[in-house]
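Subject: Handover of a structure and notes on its contents

Dear colleague,

Please find below the structure that I am handing over to you. My notes on it follow directly after.

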Amino acid sequence: MKKYQFNEQELLSLFYDKENDMRPDMTAPYLKNGYVCATEAHILIRIKAETLNGEYNEIGSLNIDFPTDNCNFIIGLRDLKTAIASIPQIEEEEKVGKDIECEECDGEGEVEWEYHDSDGHYHYEYHDCPKCQGDGYISRVKYKKTGRMIPDGDCPIRIRRVVIKAEFLEILRKAMEIIGVDEVRCVHQSSAQPCIFRVDDNIEIIIMPCLAEADYRIEGRNAE
């Protein structure tokens with residue numbers, strides 16, 4: 001099978017969070033059932049492994065059931081750009097530092113205190129850790145404004161029957177540009193299941209919808 005020529009690392013890095021301390025399986029791309037996948041839990045890409053050039057570790061976890069097709073219409077790259085350009089702008093913020101667990105309490109926020117009374121009995125209670133004051137962390141991620149204005153990623157955009165956050169549609173847009181396609185097919189929509197965008201027979205992008213009212217929309221066009 002012919003290999004893709006796009007930058008697969010740049011593409012896959014759009015979909016996972018390498019600093020996800022809670023879900024270590026989601027901090028890098030992985031191999032699953034013949035597909036290379038990358039996800040941060042709300043948006044996922046899967047690509048047939050035989051079409052890629054890199055090597056990826058197979059994992060046994062993250063079993064995901066993909067729903068069957070229930071629709072078939074086309075979303076164009078221009079449609080995405082137009083919708084994203086129309087939503088409100090907010091000031092960009094960037095992360096400064098990272099979350100660091102307190103070693104004294106192992107991130108629990110509490111430590112055991114011992115009291116030895118005059119009768120020789122020991123008593124134990126749990127109280128807030130004196131090092132982190134019960135927070136569980138000695139350092140937390142902070143955010144600072146960059147001075148740049150960017151589209152509000154939380155803004156909901158309706159695509160026919162479902163509503164999706166703008167930040168995820170922006171990832172879809174970037175992915176389409178890296179892959180080098182002008183349109184994708186939406187092949188599944190449901191308010192309670194992932195929305196599936198099929199790039200071709202080898203690549204699918206899956207996005208979880210949200211429950212919200214949307215003032216902005218992408219209609220798309222019916223597939224032939």
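Which side chain meets that of Glu204 in a salt bridge? The model is a predicted one, and in it the partner of Glu204 is Arg198, with N and O 2.8 Å apart.

**The salt bridges**

Arg198 also forms a salt bridge with Asp69, and here the closest N and O atoms are 2.9 Å apart. Arg198 belongs to strand E14, whereas Asp69 belongs to the loop between E3 and E4, so this pair ties together parts that are 129 residues apart in sequence. A network of salt bridges links Arg46, Asp69, Arg198 and Glu204.

How buried or exposed are these residues? Glu204 is buried, with a relative accessible area of 10%, because buried means under 20%. Arg198 has a relative accessible area of 24% and is partly exposed. Asp69 is also partly exposed, with a value of 44%.

In total, the structure holds 13 salt bridges. Another one of them joins the side chains of Lys81 and Glu177, at 3.3 Å from N to O. Lys81 is in helix H2 and Glu177 in helix H3, so the pair ties together parts that are 96 residues apart in sequence. Lys81 is partly exposed at 40% relative accessible area, and Glu177 is partly exposed at 37%.

**Arg46 and two rings**

Arg46 lies over the face of Tyr35, 4.4 Å from the ring centre. The charged end of Arg46 also sits over the ring of Phe66, at 3.9 Å from the centre of that ring.

**The sheet**

Where do these strands belong? An open sheet of eight strands, with antiparallel pairing, runs in the order E1-E2-E3-E15-E14-E13-E4-E17. Its edge strands are E1 (30-32) and E17 (221-222), each of which pairs on one side only.

Strand E15 covers residues 203-207, and five of its five residues are buried. Both faces of E15 are covered: Ile203, Ile205 and Ile207 are buried on one side, and Glu204 and Ile206 are buried on the other.

The partners of E15 may be taken in turn. Strand E3 (residues 43-48) pairs with E15 in the antiparallel sense over five bridges, and Arg46 has Glu204 as its bridge partner in E15. Strand E14 (residues 195-198) pairs with E15, again in the antiparallel sense, over four bridges. A hairpin of four residues joins E14 to E15, and Phe197 stands opposite Ile205 in E15.

Further along the sheet, strand E13 (residues 183-188) pairs with E14 in the antiparallel sense over three bridges. There, Cys186 stands opposite Phe197 in E14.

**The helices on the sheet**

Which strands does helix H3 lie across? Helix H3 (residues 166-179) lies across E3, E4, E13, E14 and E15, and runs at about 170 degrees to E15. Helix H2 (residues 77-86) lies across strand E4 (73-76) and E13, at about 60 degrees to E4.

Helix H1 (residues 8-12) contains Leu11. Is Leu11 buried or exposed? Leu11 is buried, with a relative accessible area of 0%. Leaving aside residues up to four places away in sequence, Leu11 touches Phe6, Ile45, Ile47, Ala175, Ile178 and Ile179. The C-alpha atoms of Leu11 and Ile179 are 7.7 Å apart in space, although these two residues are 168 residues apart in sequence.

**An aromatic pair**

Phe6, which Leu11 touches, also takes part in an aromatic pair with Tyr4. In general, a pair of aromatic rings is described by the distance of the centres and the angle of the planes. For Tyr4 and Phe6, the distance is 4.9 Å centre to centre and the angle between the planes is 25 degrees, so the pair is stacked, because planes under 30 degrees apart count as stacked. The count of aromatic pairs comes to one. Tyr4 is buried at 16% relative accessible area, and Phe6 is buried at 12%.

Yours sincerely,
A colleague

Terms used
Residues are numbered from 1 along each chain as its sequence is written. This is a predicted model: local features need pLDDT of at least 70, side-chain atom pairs count only at pLDDT 80 or more; totals for chains, interfaces and linings use all residues. Side-chain values use heavy atoms; hydrogens and water are left out. Buried means under 20% relative accessible area, exposed over 50%, partly exposed in between (1.4 Å probe, protein chains only). Helices (H or I, at least four residues) and strands (E, at least two) are DSSP runs, numbered from the N terminus. Two strands pair if DSSP finds at least two bridges between them. Contact means heavy atoms within 4.5 Å. Axes are lines fitted to C-alpha atoms, for helices over the stretch in contact, and angles run from 0 to 180 degrees between N-to-C directions. Rings of Phe, Tyr and Trp (its six-membered ring) pair if their centres lie within 6.5 Å; planes under 30 degrees apart count as stacked, over 60 as edge-to-face and the rest as tilted. A charge sits over a ring if NZ of Lys or CZ of Arg is within 6 Å of the ring centre and within 35 degrees of the ring normal. A salt bridge is a side-chain nitrogen of Lys or Arg within 4 Å of a carboxyl oxygen of Asp or Glu.
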